[in-house]
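Me: I'd like to learn how to read a model like this one, feature by feature. Can you walk me through it?

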Amino acid sequence: MSFRREYRLSKQSPKSKSRKELTKAAEASIEGTAADVEVPEKKSFIKQLTPEEKQKAHREGIIKTIVSSILGILAGLILYSQYGTGEDRMWYAILMIVIGITYYVQKLIYPSLKINVKEFKFKDWFYVEFMVIDFFLVTWTLLLN
């Protein structure tokens, strides 16, 4: 039985033949008009970095990581010495204070390390502040234990 069904489905009816011919004719006309129209090539705007630029970017990334981690550790030490466990304070207020202070400190430190702060984008600031908060919380947690 299944063989007969497959056989019946594979036969083309007069309607399906005319549909196929219409789609082939439409595709041929579309291909003909598409060949006449020139499509401008997409240009790649990705700048290829020279080895010196790659090395400079790598150095700057390492410096950013070191500075932000040192600031986070210092913030953890200072807040532990000032507030101890911080039970009488709101933790999110302390977190915002740390973020604000370290943001401005980094804006002052990086130019002295020959890193252009004006080229920083949101992603860069988010990265360095995340490192600060991460090291701050880890240091404070270790000191509390």
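**A glutamine in a helix**

Reply: Let's start with Gln 106, which sits in helix α4 (residues 91–112). Helices here are DSSP runs of H or I with at least four residues, strands are runs of E with at least two, and both are numbered from the N terminus. Keep in mind that this is a predicted model: local features need pLDDT of at least 70, side-chain atom pairs count only at pLDDT 80 or more, and totals for chains, interfaces and linings use all residues. Residues are numbered from 1 along each chain as its sequence is written, and side-chain values use heavy atoms, with hydrogens and water left out.

Me: Is Gln 106 buried or exposed?

Reply: Buried means under 20% relative accessible area, exposed means over 50%, and partly exposed is in between (1.4 Å probe, protein chains only). Gln 106 counts as buried because its relative accessibility is 0%. Across the 145 residues of the protein, 20% count as buried.

Me: What does the side chain of Gln 106 make a polar contact with?

Reply: A polar contact is a pair of N or O atoms within 3.5 Å; within protein, one must be able to donate a hydrogen and the other to accept it, and residues adjacent in sequence count only if both atoms are side-chain atoms. Here the partner is the side chain of Tyr 110, at 2.9 Å.

Me: Which residues is Gln 106 in contact with, leaving aside neighbours within four places in sequence?

Reply: Contact means heavy atoms within 4.5 Å. For Gln 106 that gives Ser 68, Leu 71, Pro 111, Trp 125, Val 128, Glu 129 and Val 132.

Me: Which residues does the "transmembrane region" annotation cover?

Reply: UniProt positions are given in the numbering used here, feature names are shortened, and annotations may be inferred rather than shown by experiment. The unreviewed UniProt entry puts that label on residues 62–83, 89–105 and 125–143. In the model, residues 62–83 are 100% helix and 0% strand, with end C-alpha atoms 31 Å apart. Residues 89–105 are 88% helix and 0% strand, and their end C-alpha atoms lie 23 Å apart.

Me: Where is Lys 114?

Reply: Lys 114 is in the loop between α4 and α5 (122–144). Its phi is near 65 degrees, a positive value in a residue other than glycine. Lys 114 counts as exposed because its relative accessibility is 75%.
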